[in-house]
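This briefing is meant to be read slowly, with the structure open beside the text.

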Amino acid sequence: MAGRDFSQDTSGAGRTLWQNVRIATLADGAAPGIIENGALVAENGRILFVGPAHTMPAELAENAETVDCGGRLMLPAFVDCHTHLVYGGNRAMEFEMRLEGATYEDIARAGGGIVSSVSATNALGVDELVEQALPRLDTLLAEGVSTVEIKSGYALTIEGEMNMLRAARKLGEIRPVRILTSWLAAHATPPAYKGRNGDYITDIVLPGLEAAHAEGLVDAVDGFCEGIAFSPEEIARVFDRANALGLPVKLHAEQLSDLGGARLAASYGALSADHLEYLSAKDAQALADAGTVAVLLPGAFYTLREKQLPPIAALRKAGAHIALATDSNPGTSPLTSLLMTMNMGATLFGLTVEECLAGVTREAARALGLQAQTGTLEAGKSADFSLWDIERPAELVYRMGFNPLHQRVWKGQTIIRGASA
């Protein structure tokens with residue numbers, strides 16, 4: 001399956017040489033550690049060379065603008081591969097309810113949860129959705145993020161879901177960021193279809209997907225496979241239509257129970273299966289065998305005060321790819337920081353520093369099907385990277401509430417701290 005083609009995702013920037021820099025490429029198979037006296041050359045938004053400065057061909061420096069990085073640390077730009085960044089309103093009231101003892105299921109069955117964001121989202125037009133989402137996006141960009149996935153799923157009508165994705169596309173036009181979109185109409189069933197999931201899929205999810213795809217709004221198709229949402233059989237109908245349209249799939253799976261959603265995702269060659277707290281060891285192996293990335297979302301785990309940890313040891317043993325993402329959303333993960341996400345991934349889930357950093361760069365890009373374009377520092381890839389005022393990469397995982405970003409570079413274009421420059 002193929003999504004949008006990013007192979008020509010370049011800028012008009014001329015040749016630039018970044019030198020006097022320490023580089024962690026995070027490339028698969030690369031030597032571990034840091035290139036202490038490194039250099040990176042980019043032209044027209046693509047990396048021409050990255051490695052030790054003394055190995056750089058001399059001709060690459062000819063007619064190049066030179067940037068002295070002052071010995072700072074260079075990393076691939078971050079990728080947030082699972083967000084619900086576009087929505088209306090907020091759900092602070094549910095936060096209070098949880099503090100008083102209500103569970104996620106209690107809130108959902110009482111008409112809260114996802115459905116409670118529907119009226120607030122449908123009350124807004126595209127421009128208003130963009131206006132509300134911009135502060136959230138800018139916060140991510142200010143931490144060195146180059147690429148953000150944004151889902152629909154809070155409108156539950158054809159036009160409303162399409163408006164969410166129109167807003168997501170517009171965000172990518174007014175900010176220097178690569179936006180990918182996922183059709184997530186199979187997120188919840190609206191009240192008018194209560195108890196009629198099949199009818200909702202027939203009337204809204206499938207025809208809406210066709211319309212959104214025809215308008216060029218969809219990069220991937222997602223669903224929520226859970227007892228309070230959709231069964232594997234219902235999700236399979238959605239995935240079959242995605243297959244017919246040539247769109248890749250991904251899935252919210254095994255967050256609250258083990259329904260076999262991850263196994264279903266793997267059977268469709270999904271880009272990713274996300275959450276996975278109740279994933280079995282057998283299905284961890286299925287993900288690894290399919291090349292489906294396990295996307296862990298510690299923000300939701302933290303917010304919901306869950307106790308069931310994702311099976312990290314089983315995922316490692318299986319050789320599965322592990323990514324991390326904010327799951328930024330109004331109800332269960334009101335988080336807009338990949339730096340904090342990494343700290344949570346280490347502290348709550350026991351991931352190593354290397355796993356956390358790879359999880360928000362290389363593996364997050366893989367979870368979006370972009371591993372050939374971004375996520376690591378390698379010749380031929382987009383020149384997406386960040387410079388940090390730190391000594392060791394571990395500082396980005398260890399600190400909480402501290403952002404030592406010096407500079408963000410996207411497709412070879414330098415953005416100094418500010419997201420909107």
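This is a predicted model: local features need pLDDT of at least 70, side-chain atom pairs count only at pLDDT 80 or more; totals for chains, interfaces and linings use all residues.

**Cysteines**

- A disulfide is a covalent bond that joins the sulfur atoms of two cysteines.
- Cys81 has a relative accessibility of 0% and therefore counts as buried, the cut-off for that word being under 20%.
- Cys69, with a relative accessibility of 2%, counts as buried too.

**Helices α4 and α5**

- Two packed helices are described by the angle between their axes together with the distance between those axes.
- Helix α4, which covers residues 126–141, packs with helix α5, which covers residues 158–174, at an angle of about 55 degrees, and their axes are 9 Å apart.
- The two helices α4 and α5 are therefore oblique to each other, and their crossing is right-handed.
- On the α4 side the contact is made by Val126, Asp127, Leu129, Val130, Ala133, Leu134 and Leu137, while α5 contributes Asn163, Met164, Arg166, Ala167, Lys170, Leu171 and Ile174.
- Sorted by kind, the residues of the contact of α4 with α5 comprise 10 nonpolar, 1 polar and 3 charged.

**Helices α6 and α7**

- Helix α6 (residues 197–214) and helix α7 (residues 232–245) pack at an angle of about 20 degrees, and 10 Å separates their axes.
- That angle makes α6 roughly parallel to α7, because angles under 35 degrees are counted in this way.
- Where α6 passes α7, the crossing is right-handed.
- The residues of α6 that meet α7 are Asn197, Gly198, Ile201, Thr202, Val205, Leu206, Leu209, Glu210 and His213, and across from them in α7 are Glu234, Arg237, Val238, Arg241, Ala242 and Leu245.
- The contact of α6 with α7 divides into 7 nonpolar, 4 polar and 4 charged residues.

**Gly291**

- Gly291 and Ala266 are 25 residues apart in sequence, and their C-alpha atoms are 7.9 Å apart in space.

Notes: Residues are numbered from 1 along each chain as its sequence is written. Side-chain values use heavy atoms; hydrogens and water are left out. Axes are lines fitted to C-alpha atoms, for helices over the stretch in contact, and angles run from 0 to 180 degrees between N-to-C directions. Helices (H or I, at least four residues) and strands (E, at least two) are DSSP runs, numbered from the N terminus. Angles under 35 degrees count as roughly parallel, over 145 as roughly antiparallel, 65 to 115 as roughly perpendicular and the rest as oblique. A crossing is left-handed if the near helix is turned anticlockwise from the far one by less than a right angle, and right-handed if clockwise. Contact means heavy atoms within 4.5 Å. Ala, Val, Leu, Ile, Met, Phe, Trp, Tyr, Cys and Pro count as nonpolar, Asp, Glu, Lys and Arg as charged, and the others, Gly among them, as polar. Buried means under 20% relative accessible area, exposed over 50%, partly exposed in between (1.4 Å probe, protein chains only).
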